Amino acid sequence: MIRKPADCTTKAHIRTEIDRLDADLVALLAERFGYVQRMAEIKSSPDEALVPERVDEVLDRVALAAGEAGLDEQLARDLWRRLIEWNIEFERRTIAARLAQ
């Protein structure tokens with residue numbers, strides 16, 4: 001049974017819901033990473049890993065969605081910026097390794 005925050009009456013209830021959401025977030029991040037892996041397979045140069053316009057577009061879209069959902073926009077930007085930075089480095093390494101073969 002999923003409880004909304006207002007329906008949680010104990011710390012255990014809250015921890016259970018946070019754990020459930022963490023598992024969902026991990027699954028979604030893993031799914032997202034599958035697309036990052038595929039992008040690294042499609043791109044032909046490590047220089048293609050960073051597309052500044054795309055980074056800005058994603059950060060703006062995420063901040064807007066966060067604000068609409070009641071999440072701090074700066075927190076969302078910071079989280080996604082870190083995620084994107086990691087993805088860019090992953091793509092660079094993966095593409096460079098593929099080209100070295």
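Contact here means heavy atoms within 4.5 Å. The model is predicted.

Q: Against which helices do the buried residues of H3 pack?
A: The buried residues of H3 are Ala-76, Ile-84, Asn-87, Ile-88, Phe-90, Glu-91 and Ile-95. Buried means under 20% relative accessible area. Through contacts, these residues of H3 pack against H1 and H2.

Q: Against which helix do the buried residues of H1 pack?
A: H1 covers residues 11-42. The buried residues of H1 are His-13, Glu-17, Val-36 and Ala-40. These buried residues of H1 pack against H3.

Q: How far apart are the end C-alpha atoms of H3?
A: H3 has 28 residues. The expected span is 1.5 Å times one less than the number of residues, which gives 40 Å for H3. The model agrees with that expectation, as the end C-alpha atoms of H3 are separated by 40 Å.

Q: How far does H1 reach from its first C-alpha to its last?
A: H1 has 32 residues. At 1.5 Å a residue, 46 Å is expected for H1. The reach of H1 in the model is close to that value, at 46 Å.

Q: Which backbone nitrogen does a side-chain oxygen of Asp-72 reach at the start of H3?
A: At the start of H3, a side-chain oxygen of Asp-72 comes to within 3.0 Å of the backbone nitrogen of Gln-74.
The cut-off for such a polar contact is 3.5 Å, and the nitrogen reached by Asp-72 is that of Gln-74.

Q: At what distance does the side chain of Thr-10 reach the backbone nitrogen of His-13?
A: Thr-10 lies in the segment before H1, whereas His-13 lies in H1. Thr-10 is partly exposed, with a relative accessible area of 36%, while His-13 counts as buried at 17%. The side chain of Thr-10 reaches the backbone nitrogen of His-13 at 3.0 Å.

Q: How far apart in space are His-13 and Arg-3, C-alpha to C-alpha?
A: His-13 touches Arg-3, Asp-7 and Cys-8, leaving out residues up to four places away in sequence. His-13 and Arg-3 are ten residues apart in sequence. Their C-alpha to C-alpha distance is 7.6 Å.

Q: With which side chain does the side chain of Glu-17 make a polar contact?
A: Glu-17 lies in H1 and, at 6% relative accessibility, counts as buried. Not counting residues up to four places away in sequence, Glu-17 touches Met-1, Ile-2, Arg-3 and Cys-8. The polar contact, at 2.7 Å, is with the side chain of Arg-20.

Q: Why is the pair of Phe-33 and Phe-90 classed as it is, and what is the class?
A: Three aromatic pairs are found in the whole structure. In this one, the ring centres of Phe-33 and Phe-90 are 4.8 Å apart and the planes are at 65°. Planes over 60 degrees apart count as edge-to-face, so the pair of Phe-33 and Phe-90 is edge-to-face.

Q: How many residues apart in sequence are the parts tied together by Phe-33 and Phe-90?
A: Phe-33 is partly exposed at 24%, and Phe-90 counts as buried at 15%. Phe-33 lies in H1 and Phe-90 in H3, so the pair ties together parts whose separation in sequence, in residues, is 57.

Q: Over the face of which residue does Arg-93 lie?
A: Arg-93 lies in H3 and is partly exposed, with a relative accessible area of 48%. One aromatic cluster is formed by Phe-33, Trp-86 and Phe-90. At 5.9 Å from the ring centre, Arg-93 lies over the face of Trp-86.

Definitions and conventions:
Residues are numbered from 1 along each chain as its sequence is written. This is a predicted model: local features need pLDDT of at least 70, side-chain atom pairs count only at pLDDT 80 or more; totals for chains, interfaces and linings use all residues. Side-chain values use heavy atoms; hydrogens and water are left out. Helices (H or I, at least four residues) and strands (E, at least two) are DSSP runs, numbered from the N terminus. Buried means under 20% relative accessible area, exposed over 50%, partly exposed in between (1.4 Å probe, protein chains only). A polar contact is a pair of N or O atoms within 3.5 Å; within protein, one must be able to donate a hydrogen and the other to accept it, and residues adjacent in sequence count only if both atoms are side-chain atoms. Rings of Phe, Tyr and Trp (its six-membered ring) pair if their centres lie within 6.5 Å; planes under 30 degrees apart count as stacked, over 60 as edge-to-face and the rest as tilted. A charge sits over a ring if NZ of Lys or CZ of Arg is within 6 Å of the ring centre and within 35 degrees of the ring normal.
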